[in-house]
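Q: I have the model open on my screen and would like to go through it with you. Could we start with the sheet and then move on to some side chains?

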Amino acid sequence: MLTFTPSQDERTISLKFDGTLTKEDALKLNEVISRKYEEEGKFKIFAEVGTVDLASIPDALRGVQFDMKRLKAFTKVALMSEQNWLQFAQGLGMGEIARLKTRHFSPGEYEAAWEWLGEE
């Protein structure tokens, strides 16, 4: 389930994901990204990730059109989770994620994650 959480910075989309990704979640995320892109051009992401049902991801993304220029508009991505999903993505050959300015944070490192996102 994907939920949007209060952001400490108006240029940052803050979200929490835990469990199964649905098509509605993917569409909602795409809508928020599109709106933020149209409003500000470049933006940041703070994502708190719990348990992920990996099997749900392909079905949820099927048919959802993500505009690549919007995805490339992320200037930073702070990912807070038990598992380092950045390393996982690289292992799957998803190197484009690694080229983003990303950083993994352990659960509870909110202050460090927001501080890093605030650095220019």
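Q: Which residue in β4 does Glu48 stand opposite?
A: Glu48 stands opposite Met80 in β4. Before going further, please note that this is a predicted model, in which local features need pLDDT of at least 70 and side-chain atom pairs count only at pLDDT 80 or more, while totals for chains, interfaces and linings use all residues. Residues are numbered from 1 along each chain as its sequence is written, and side-chain values use heavy atoms, with hydrogens and water left out.

Q: OK, and how do β3 and β4 pair, parallel or antiparallel?
A: Strand β3 (residues 43–52) and strand β4 (residues 74–81) pair in the parallel sense over seven bridges. Strands here are DSSP runs of E with at least two residues, helices are runs of H or I with at least four, and both are numbered from the N terminus; two strands pair if DSSP finds at least two bridges between them.

Q: What's the strand order of the whole sheet?
A: It is an open sheet of five strands in the order β1-β2-β3-β4-β5, with mixed pairing. The edge strands are β1 (2–4) and β5 (102–105), each of which pairs on one side only.

Q: Where does the mixed pairing come from, strand by strand?
A: β1 and β2 run antiparallel and are joined by three bridges, whereas β2 and β3 pair in the parallel sense over seven bridges. β4 and β5 run parallel, with four bridges between them.

Q: Is β4 buried or exposed?
A: Seven of the eight residues of β4 are buried, so the strand is largely enclosed by the rest of the structure. Buried means under 20% relative accessible area, exposed means over 50%, and partly exposed lies in between, using a 1.4 Å probe and protein chains only.

Q: Which aromatic pair does Phe46 form with Tyr110, stacked or tilted?
A: The pair is tilted, at 6.3 Å centre to centre with 45° between the planes. Rings of Phe, Tyr and Trp (its six-membered ring) pair if their centres lie within 6.5 Å, and planes under 30 degrees apart count as stacked, over 60 as edge-to-face and the rest as tilted. Phe46 lies in strand β3 and Tyr110 in helix α6 (residues 110–118), so the pair ties together parts that are 64 residues apart in sequence.

Q: How accessible are those two, and what else joins them?
A: Phe46 counts as buried at 3% relative accessibility, while Tyr110 is partly exposed, with a relative accessible area of 36%. Phe46, Tyr110 and Trp114 form one aromatic cluster.

Q: Switching topic, where does Ser56 lie?
A: Ser56 lies in helix α2 (residues 56–61) and, at 10% relative accessibility, counts as buried.

Q: What is Ser56 in contact with, leaving aside its neighbours within four places in sequence?
A: Ser56 is then in contact with Thr20 and Leu21, where contact means heavy atoms within 4.5 Å. Ser56 and Thr20 are 36 residues apart in sequence, yet their C-alpha atoms are 5.8 Å apart.

Q: And which backbone atoms lie by its side chain?
A: A polar atom of the Ser56 side chain lies 2.9 Å from the backbone nitrogen of Leu21, and the backbone oxygen of Asp53 lies 2.7 Å from a polar atom of that side chain.

Methods
Polar contact = N/O pair within 3.5 Å; in protein donor to acceptor, adjacent residues only side chain to side chain.
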